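Here are a few notes to read with the structure open beside you. Take them in order, and look up each spot as you go.

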Amino acid sequence: MRYETNEEIRDSIAELTERLRQIRIERGVPEEAPEDFVEETLSFALYNRLLPFKKIAVKYASIIAEGGAPTVDLAKLEEYRLIAALLSKSKVDTLSWFAAGLGEILTHMKRINDLVNSDEYDGPTRNDLSSLSLAVSFTDMGDVYHDYQSTETFYDRKQRIAAEIEHMDFDKEYAEALAHYESIKHLL
């Protein structure tokens, strides 16, 4: 097995960056996506609200892996979709990856629902299983409170964030962040 050199990796990154830039130009959006804007405390508050959906998502993935074809009332999961979309713009990388995994599972749920409702679903494909497995792996972030760039210990950070969440006006901050997201989502 041959490994790429650092120079080859840098060249690949430059090529992919240019391809993404061109795709964005073709879509008529700015060359660079808007910066992530959801602050740490709100990000963890959103993460806490998504934890119940994570259990649903993992159970769904296991049913698909066993060959099932569950249909899901996506309207009942709309709040989770909004929270995951917002959390995907978190400044906390592990939490934006977590949200991306849940967002992919929601996308998969919709696709399976559409196939089952059209009688075209013959069970999960290898691609279904692979994409669900990858999405679930993004939701298993382990210690989300660890920050390798911080001098703060895991325990101190977790305690600080919990205290900040307790004192925040969640409804106000959520509404403001969601309004901002809605104003820029066409640029993503």
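1. Start with Asp128 and Arg111, whose side chains meet in a salt bridge at 1.9 Å, N to O. (A salt bridge here is a side-chain nitrogen of Lys or Arg within 4 Å of a carboxyl oxygen of Asp or Glu.) Asp128 sits in helix α5 (residues 126-139) and Arg111 in helix α4, so the pair ties together parts 17 residues apart in sequence. Asp128 is buried, at 2% relative accessible area, while Arg111 is partly exposed at 36%. (Buried means under 20% relative accessible area, exposed over 50%, partly exposed in between, with a 1.4 Å probe and protein chains only.)

2. A word on what you're looking at: this is a predicted model, where local features need pLDDT of at least 70, side-chain atom pairs count only at pLDDT 80 or more, and totals for chains, interfaces and linings use all residues. Residues are numbered from 1 along each chain as its sequence is written, and side-chain values use heavy atoms, with hydrogens and water left out.

3. How many salt bridges does the structure hold? There are 15. One of them joins Lys91 to Glu39 at 2.8 Å, N to O. That pair links distant parts of the chain, 52 residues apart: Lys91 is in the loop between α3 and α4, and Glu39 in the loop between α1 (6-27) and α2 (40-65). Lys91 is partly exposed at 47%, and so is Glu39 at 46%.

4. Arg2 and Glu8 also pair up, at 2.6 Å, N to O. Arg2 is exposed at 59%, whereas Glu8 is partly exposed at 27%. For a network of salt bridges, look at Glu40, Glu152, Arg157, Arg160 and Glu164.

5. Back to α4, residues 93-117. (Helices are DSSP runs of H or I, at least four residues, and strands are runs of E, at least two, numbered from the N terminus.) This helix has 25 residues and reaches 36 Å from its first C-alpha to its last, close to the 36 Å expected at 1.5 Å a residue. (The expected span is 1.5 Å times one less than the number of residues.) After α4 comes Asp119, with a positive phi near 60°.

6. Finally, the axes of α3 (residues 78-87) and α7 (residues 170-184) come within 10 Å and cross at roughly 75°. (Axes are lines fitted to C-alpha atoms, for helices over the stretch in contact, and angles run from 0 to 180 degrees between N-to-C directions.)
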